[in-house]
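This briefing is intended for a reader who has the sequence and coordinates at hand.

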Number of protein chains: 4
Amino acid sequence: MKATIVGATGYGGLELMRILNNHPYINIHSVVSNSYAGKDVKDVYPHLSGANLPVLAAMNMENLEDGADIVFFATPSGVSKEYIPQLIEKGIKCIDLSGDFRLTSPAVYEQWYMHPSASQDYLNKAVYGLSEMNEKVIEGAQLIANPGCFPTASLLAMIPIVKTGWIDENSIIIDGKTGVSGAGRGVSLGTHFSETNENVKAYKLGKHQHIPEMEQVLSDIVSKPIQLTFSSHLVPMTRGILCTIYMKLTETVTLEMVVSMYKEFYRNRPFVRIRTDGTYPSTKEVYGSNYCDIGFALDVRTNQLIIVSVIDNVMKGAAGQAVQNVNIMMGWTETTGLELSPLYP
Amino acid sequence: MKATIVGATGYGGLELMRILNNHPYINIHSVVSNSYAGKDVKDVYPHLSGANLPVLAAMNMENLEDGADIVFFATPSGVSKEYIPQLIEKGIKCIDLSGDFRLTSPAVYEQWYMHPSASQDYLNKAVYGLSEMNEKVIEGAQLIANPGCFPTASLLAMIPIVKTGWIDENSIIIDGKTGVSGAGRGVSLGTHFSETNENVKAYKLGKHQHIPEMEQVLSDIVSKPIQLTFSSHLVPMTRGILCTIYMKLTETVTLEMVVSMYKEFYRNRPFVRIRTDGTYPSTKEVYGSNYCDIGFALDVRTNQLIIVSVIDNVMKGAAGQAVQNVNIMMGWTETTGLELSPLYP
Amino acid sequence: MKATIVGATGYGGLELMRILNNHPYINIHSVVSNSYAGKDVKDVYPHLSGANLPVLAAMNMENLEDGADIVFFATPSGVSKEYIPQLIEKGIKCIDLSGDFRLTSPAVYEQWYMHPSASQDYLNKAVYGLSEMNEKVIEGAQLIANPGCFPTASLLAMIPIVKTGWIDENSIIIDGKTGVSGAGRGVSLGTHFSETNENVKAYKLGKHQHIPEMEQVLSDIVSKPIQLTFSSHLVPMTRGILCTIYMKLTETVTLEMVVSMYKEFYRNRPFVRIRTDGTYPSTKEVYGSNYCDIGFALDVRTNQLIIVSVIDNVMKGAAGQAVQNVNIMMGWTETTGLELSPLYP
Amino acid sequence: MKATIVGATGYGGLELMRILNNHPYINIHSVVSNSYAGKDVKDVYPHLSGANLPVLAAMNMENLEDGADIVFFATPSGVSKEYIPQLIEKGIKCIDLSGDFRLTSPAVYEQWYMHPSASQDYLNKAVYGLSEMNEKVIEGAQLIANPGCFPTASLLAMIPIVKTGWIDENSIIIDGKTGVSGAGRGVSLGTHFSETNENVKAYKLGKHQHIPEMEQVLSDIVSKPIQLTFSSHLVPMTRGILCTIYMKLTETVTLEMVVSMYKEFYRNRPFVRIRTDGTYPSTKEVYGSNYCDIGFALDVRTNQLIIVSVIDNVMKGAAGQAVQNVNIMMGWTETTGLELSPLYP
C-alpha cells in the first residue's frame, strides 16, 4: 500500500515516517511539506539519515493525488478540508490527524476553531477514528478523522463508565497535562526552552477545541447532551499526556467493581492496559508506544471516582493511532508496525 | 533575634538559611542536623561557602534550647512534637514547618499521618500560620504551625470565595501539580532523575495528608463541615506548585465580579498578586520568591469557576512563609528579608 | 536461540528486554534479577505489561545455565567474572555488558576498578565487542566483552584518524557528556532529581575506569602506548552521550579530507553515520536507536581537529551493541532487531 | 544614582531589573525596550508585578540621555556602539553588556562579529570589566565593556596559572557547556523546547566570538600572542555555564601547589570561591548568584591540569558582574546588592 504523508516535517508527520519505515505492508510513497519542499528529509532531520525516503514534495493537489493509495494529513486545522474532498472523489483513502473532520456540526466547529468548517457532506462521510470504540465503522471507511490527543486519553478512560451509567454525566471534570511537543514545531515564546523549562502553565481553560469533540462522543453514547469541564496544562517535558478525570458516582460501587468492569471492557484491546492493583500509570510508562494506560482511585469520602489515563501524545494521540486505524481499515492485525515497547527510562 | 534551624540540611532548612542570611533582624544562632552533625555546612553544601554559619549541631534538647529566641523545625512529621512542648515551656518561640501542629484534632492527625499525634494541649496552643488569614493571632503566638505547601496555594485561592458564599462548598476539586523538591532530599526511586525526568505521575489520590488541613480551615470559615477532593501530581521540575481548583458556582456572578472581589480581599497583602487580565500565572513567575499568584477562568457553559494558584513550594510553601510569620509575630514589616523578585528565566 | 538476561531489572537489562522482545531469532528464555527474584516483570515495570516475559529468577548458577544458548550480563563490575567461566565451559555463549572482561591485563583492571580481576585465562578468551572494529573475531567468539558507553562513542570517532596517523596520538583529550541513565538505577544524592536537574557536574576527571579501555584499543592499533586525557560530565537528561574529542594534527589535511576518509572508512557500516556538511550531531538525533553519529570541525588557527560523536548510552553504548554483536556472532544481518529510527522529538 | 536599562526585556535586562530593584544606591530611572515600548513591564513580565518600574520607553537617543547617571546596555551586538559615544560625550557613564567594546582591535571585531566595529577612539576609552582583574582601572572608568559569559568563567580560571607560567600557553583547550538562556529570548528552532530538552548539542566549534576576547586578555598578560581552542555546547537547562579547561603543565607542580596558589590569588575576592578539597563545582552551586566557583584535577599520567569553572551566565556572566563593576566604579562595597546566596535546590 502506497502512502503519502502531508505535513511530513511536523512532529506528527515525523512520527508517521518513523512508524511507516518499519511497517510491513505500507510503503512511504511521497512526503509533502509546505516549509521544506525540494529538500531531502535528512537535511531537515539528520536523525533520519539512513532511512530511504523520497525528496520532500510541495503542497499541491497534483502531488497529493499522484500514485498514493492513502494520504495522511498531519497538518494544522483548516488545511486538510481543502484537499480531502477531491482525494476521496478519486477513491484515495484519507486519514486526517487535524481537527477538520472530527465534529459533525459545522456550526460547532466554527464556534471552537474560529474559521470555516468543511462541508456537512464530507463531515458525514468521516468516521471518528477512536480505534477501540469505532472498529466496526473504521473497517469500511474512506475518510478517518483521527482523534485529538486529549480526547484519546480522556475518552478511552470515560467511555466504559459513561456507558455503564454509574456516574453523573454532568459532573465530569478533566484536568489535562501535556508535554510540549503537543504544541508542534512552530517556534513561539510559549514553547521557548527558557520560558518552558522549570515551569507549569495552564492554558485555554474551558476553551480548548478538544472540548466539543469529547462532548460529542459522550453525548452520542448516552443519547443526551453532556457538557464537561476541561482544562489543559503545559508541563516541562517533550512527550506525554496525563489526564486526571473526576466524576461523581451516582451508584454504590467499589473500586474493584470499576476496575473489573474496565478490565472486561478492554479485554481484547491490545493497546489499552488497565491497572488492577490500585496504582496509577505515569506518562513515561507509555513513552514512544501506542499504549493507553488507565488507573483508578475512589475517594469514598466525597464519592468521587478519579481516573488517571496516560498516552504518548505523538503516538496513540496522533501518528500511532492513525496507523492503528489503517490496520483496522485494511483488515490487518491491529498492532502491525506498532509493536514497540515504551522506551524506559 | 537568635534563631536555631532544626533539620537545617533538608530543603526547607536550606532555604531558611538562604533567607535568614540576609535578614536584618534575625541571626542564625545554631543549625541542627540529624544526618550531618559535627560537619561544616559548606562541606555538605558547597554553594553556602562564603556564608558565615555555625557548625552543624546534633539533634538533642540541649542543643535546641541553648541560647535561641526562636526555633524553626524543618523536620519530617513526628519529630517536632517531641521537642516543642519543652521549648515552649522555657519561653522559646517555635515555628514548625512540619504537619505536627496543624490539625486541631489528634484523631484526625492520626488517621491521616498514621502515627501518634502531639497532645491536645499543645495543639490548642498552636496558631495556624497562613499569614494572610491569621495575622491577628500570629502576632501574639508562641507556637506557629506553618501550613503545608498545597494548602498554602489552595487556601489563599479558595478562602475569599468560600467566605463570599458564591460556590457550592461541597463541589470543590483541587488538582495539584508539584515540583520534585516537595518530596525532600531523601533519595528514592520515585525521585531518581531517570525515573522522574520526562514523566508526570499522580500520587496519593484522595489520600494526601494535606486534605484534612484544607478542610479544617474551610470548615471553620463557613462553620459547617466541608469535604473536598484533592489529587497531587509530580511534574519534572525542581520547584513550584500549581493548583487548579474547580468550584461549582451557585450565584450568578461574572468573572469580573470574582476578580474584583479577590483584588479587594488581598488589597493590602504584598505577597498575593491577583491577575486581573484573564491570564493565569505559571510557577516560574514566582520562582524563588514568596509570592502567591492567582488567576481565574469561568466556564459559563458548565458554571464552573476555575482558579489557578501558584507558589514556590520551598518559599511561600515552607521557609518563606515561616519567615513572613516571624515578621508578623515580631511586629516587623511583613516583607522583611523577603523582598526577592522571582528568578526569571 | 534462547537467551538469559542477568541483571534484567537494571537499565541495561531493561533495554535488552525491549530489543529482544521484537528480535525475530532470539527468545527471552529467562530473566534474572538479584533485587526482584520471584516477581513478575510487570510488577516492577508496569510499562512492560503486555510483553510476555518469564517470572524473574534468582541469581544463581543453576538458573543461569538452565537451558540458555546465550547469557547476557547487565550487571555491575565484579559480578559476571564469577559466573562466566563455568558457563563458557558448558558451551554457553556469554555477552558481558560490564567491564569485567574488557581489559587484557589483570593488573590494569585492578588499578582502575579497585577489586580483583577475572583470571588471565578468561580475559584471553574474551573478544572486545566494538562491532565495527572487531567483526571478524566476533564471528567466532564464545565470550564478548561489550564496550563501555564512553569508549564506544569515542573509539568509533578516533580509530580512523589514529590508524591514518594524521594526528599526534599523545595530544588526545576527550570531554564526555552523559545523561543520567548512565549511572544506573541505584538511587543516590548524585542522581536525585532535585540535585541533578538544572545542573551540570564534572566527575572522575582523569580517573574514569573507561580510560584504560580506550588506551588499550588505541595502543594496539598503533603498536605503541597511547595515553589520553578523559573527563566526564553529567548533564540533566536521561539518555545520550556526546563526546567532544580534541586532537592535534601533525599533517596538513583539510576538513574535506578528514570527512571523506571517515565516510570511506565506515562505508558499509549501517550504524555509523558521518556528517559531511560541516554540522555536528546532537544526542537527540540518535535517541533510542543504535546509531553513532560523527561530525567534525577543524580549528585551522590552532591546528586542532575537533570530533563530535554521539550515541544513546543505553543502546549503542550497552544493550543495542550487545545485540548487534550477537547478530554478527550468529551470522545474521547486523541490523536484525535494531532497525529502530531515533525517537524525535 | 539614576540608571537606565536599555534592552530591559531581554534576559540580561530582566536580571538587571531584579538586582537593581534591591540595590540601595541605584534607582531604576528608565527602562528601554525596542519590542515593547509603551507597555508596562508587568504586562510583559507578570512576575515583576509588585516592583515599581517605569513604563517601557522607546529606543532613541532622547530617551537614553534623559536624566540618567548611568546607562546599562543589554542589547545584541551592533546596537550599543551607535549610542554610547554620544552618551559618553555628555558625561553619562555606560556599561555595555554586549561585545561591542570588548576587543581593542576593530579588525579583529569585524572578523569575528561580521559587522562594523565601534571606532578605535571609543574602543580605547573602554575598560574591560572583568571585575577581579581590572579593579584599578574600573574605578575611574566612564565606559565599561562587560565581559562575555564564557570569557568570565574561563578567564577567572586561567589568569592565575597563566600569570604563574606553569603551563604551556599554546596548549589551552576550553570545553564550554551553557544553559539555554545564554541564547537569549529570541525564539528559534535551536531553542525550541522540544528540540532542546533531552539533548546536548555542540555549536560554533572554534568559531565563537568569545575566542578573541579570551585570547586578547591572556596575550596581554604574557605579552605575547596566545591562541586557544574553544568549543561550546548547549545543555538542557536554563541557567549556568561550566567550563572544563585543559592545560599542559610545563613545570613539576602538585595539585596542592595549584590550589594554594589560586586560594592566595583570590584571597580578597568575595565572588571567587576556590575548591580546596579535590571536588569540582557544579552549576547549580552558583545558581542565581554572582559567584564563580573553581575546582581542579591533575592528571599526572598525561601531565594535564584540568580546571572546572562555573558561573550563572545571567549573573556573573552578565547582569551581576555589570552591577559589581558599577559598585567598584563608584567606590561602594563590591558586593552591594549582590549578596544573594545561590538558589538550591
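In which helix of chain A does A:Cys149 lie? A:Cys149 belongs to helix H8 of chain A, which covers residues 149–164. The structure is a predicted model, and the points below are grouped by topic.

**Annotated site in chain A**

- An unreviewed UniProt entry lists A:Cys149 under "active site".
- A:Cys149 has a relative accessible area of 14%; it counts as buried because this value is under the 20% cut-off.
- Apart from neighbours within four places in sequence, the residues in contact with A:Cys149 are A:His210, A:Ile241, A:Ile311, A:Asn313 and A:Gly317.

**Interface of chain C and chain D**

- The size of an interface is often expressed as the accessible area lost when the parts come together.
- Between chain C and chain D, about 3,900 Å² is buried, and carbon and sulfur atoms give 54% of this area.
- On the side of chain C, the residues that lose the most area to chain D are C:Glu198, C:Val200 and C:Arg301, which together account for 19% of what that side buries.
- In terms of contacts, 48 residues of chain C meet 48 residues of chain D.
- Four salt bridges are found across the interface of chain C and chain D.
- C:Glu215 and D:Arg301 form a salt bridge in which the closest N and O atoms are 2.4 Å apart.
- Polar contacts between chain C and chain D amount to 32 residue pairs, with both residues at pLDDT 80 or more.
- Several strands of chain C give two or more residues to the side that touches chain D, including S8 (173–178), S9 (201–203), S10 (229–234), S11 (241–248), S13 (292–299) and S14 (304–311).
- Helices H9 (193–196) and H10 (211–222) of chain C also give two or more residues to that side.
- By residue class, the side of chain C that touches chain D comprises 21 nonpolar, 15 polar and 12 charged residues.

**Helix H1 of chain C**

- Helix H1 of chain C, residues 11–20, is mostly covered, with nine of its 10 residues buried.
- The buried residues of H1 in chain C are C:Tyr11, C:Gly13, C:Leu14, C:Glu15, C:Leu16, C:Met17, C:Arg18, C:Ile19 and C:Leu20.
- Within chain C, these buried residues pack against strand S1 (2–6), strand S2 (27–32), helix H2 (41–44), strand S4 (70–73) and helix H12 (315–329).
- The buried residues of H1 in chain C also pack against helix H9 (193–196) of chain B.

**Cis peptide bonds**

- In chain B, the peptide bond that joins B:Tyr344 and B:Pro345 is cis, with omega about 0°.
- B:Pro345 is placed in the segment after helix H12 (315–330) of chain B.
- In chain C, a cis peptide bond runs from C:Tyr344 to C:Pro345, with omega near 0°.
- C:Pro345 is placed in the segment after H12 of chain C.

**Positive phi in chain A**

- A:Met114, although not a glycine, has a positive phi of about 60°.
- The loop that holds A:Met114 lies between helix H5 (106–113) and helix H6 (120–125) of chain A.
- A:Met114 counts as exposed because its relative accessibility is 67%, over the cut-off of 50%.
- A:Ser223 is not a glycine, yet has a positive phi of about 55°.
- The position of A:Ser223 is in the loop between helix H10 (210–222) and strand S10 (229–234) of chain A.
- With a relative accessibility of 64%, A:Ser223 counts as exposed.

Definitions and conventions
Residues numbered from 1 in each chain as written. Chains lettered and ligands numbered in written order. Predicted model: local features only at pLDDT ≥ 70, side-chain atom pairs only at ≥ 80, totals over all residues. Heavy atoms only, no water. Contact = heavy atoms within 4.5 Å. Buried area = accessible area lost by both parts, 1.4 Å probe. Salt bridge = Lys/Arg side-chain N within 4 Å of Asp/Glu carboxyl O. Polar contact = N/O pair within 3.5 Å; in protein donor to acceptor, adjacent residues only side chain to side chain. Helix = DSSP H or I, 4+ residues; strand = E, 2+ residues; numbered from the N terminus. Nonpolar A, V, L, I, M, F, W, Y, C, P; charged D, E, K, R; others polar. UniProt positions renumbered as here; feature names shortened; annotations may be inferred. Buried < 20%, exposed > 50% of the residue type's maximum accessible area, 1.4 Å probe, protein only.
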